[in-house]
Amino acid sequence: ANEDIAIALDLRVQSGAEAAAALRKGRADIAYFYALEAPADLASRYGWSEPLNIYVGTEHPLARAQSVSREDLAVTPMLAMERSSATRAIIEEALMRARTRLGPVMLESDNMFTIMAALRDGVGLFPAFGGLARDLGRMDGIRRLALDLPLPAIEIRQAVGPRAAETPAVEALADFLFL
């Protein structure tokens with residue numbers, strides 16, 4: 001509402017470490033990031049959670065299973081985001097906390113068209129959360145697995161930089177976005 005106040009957004013931030021660095025260096029005033037719980041080294045507040053789901057092509061044998069076990073997942077090849085992706089790191093951490101191992105990685109890509117084509121071709125399974133999971137769940141030829149175990153939800157947390165205390169507009173925008 002005030003053109004004289006600049007508030008910086010950095011849309012590449014995904015992890016708590018990236019958020020802390022962006023806030024500390026002044027690249028961002030408000031950061032949203034993925035976490036499994038509140039980080040000890042970054043003051044933040046819980047926004048909402050996104051369930052972690054696992055998807056396969058509708059022709060994959062696990063797509064027809066009434067219930068999919070850890071053992072099934074451990075021997076089934078998987079598709080994954082590139083190793084440098086913070087999304088992949090949080091998914092791997094969530095699976096580790098659930099004591100769930102996935103099979104060998106058959107494809108690593110940040111190209112979602114490539115991932116969707118591989119899913120439909122039955123190459124393997126793909127863990128996802130948030131908007132990506134929502135979109136995959138709506139696509140023809142792709143199905144969410146019926147897991148026999150709960151997977152941890154991914155938290156979306158909000159942190160504000162030190163400038164928030166000095167700039168009421170930053171605090172106001174953070175509160176507005178938080179609602």
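Strand 4 (78–80), helix 3 (86–97) and strand 6 (126–128) each supply at least two residues of the lining of the largest cavity, where helices (H or I, at least four residues) and strands (E, at least two) are DSSP runs numbered from the N terminus. The lining consists of Met 78, Leu 79, Ala 80, Met 81, Arg 88, Ile 91, Glu 92, Phe 126 and Pro 127, and the volume of this cavity is about 50 Å³. On a 1 Å grid over the protein atoms alone, a cavity is a set of points where a 1.4 Å probe fits but cannot get out, whereas a pocket is an open set with protein on both sides within 12 Å along at least five of seven lines, and lining residues have an atom within 4 Å of a point. Grid points are joined across faces, edges and corners, and a volume is the space filled by probe spheres set on the points. By this rule the count comes to one cavity of 30 Å³ or more.

The model is predicted, so local features need pLDDT of at least 70 and side-chain atom pairs count only at pLDDT 80 or more, while totals for chains, interfaces and linings use all residues. Residues are numbered from 1 along each chain as its sequence is written, and side-chain values use heavy atoms, with hydrogens and water left out.

The largest pocket, in turn, has a volume of about 320 Å³. It is lined by 19 residues, of which Gln 14, Tyr 34, Thr 87, Phe 129 and Gly 131 are the closest to its centre. Strand 1, strand 2, helix 3, strand 6 and helix 5 (130–137) are the elements that give two or more residues to the lining of this pocket.

Strand 1 is joined to strand 8 (residues 154–160) by six bridges, and strand 2 is joined to strand 8 by five. Within this arrangement Tyr 34 stands opposite Ile 156 in strand 8, Phe 33 stands opposite Arg 157, and Trp 48 stands opposite Ile 156. Strand 8 is mostly covered, with six of its seven residues buried, where buried means under 20% relative accessible area, exposed over 50%, and partly exposed in between (1.4 Å probe, protein chains only).

Helix 1 (residues 16–24) has Gly 16, Ala 19, Ala 20, Ala 21, Ala 22 and Leu 23 as its buried residues, and what covers them includes strand 1 and strand 8. After helix 1 comes Gly 26, whose phi is positive, near 80°.

Elsewhere in the chain, the largest nonpolar core has 22 residues, and those with the most contacts inside it are Leu 52, Ile 54, Leu 73, Leu 102, Leu 125, Leu 145 and Leu 151. A nonpolar core is a set of buried Ala, Val, Leu, Ile, Met, Phe, Trp, Tyr and Cys residues joined through side-chain atoms within 4.5 Å. Strand 3 (53–57), strand 4 and helix 3 are the elements that give two or more residues to this core, and the largest share, four residues, comes from helix 3. Apart from this core lies another, of 12 residues, including Leu 79, Ile 115, Ala 118 and Leu 119.

Strand 3 also holds Asn 53, which is buried, with a relative accessible area of 15%. Not counting residues up to four places away in sequence, Asn 53 touches Phe 126, Pro 127, Ala 128, Ala 133 and Arg 144, a contact being heavy atoms within 4.5 Å.

Conventions: Pairing = 2+ DSSP bridges.
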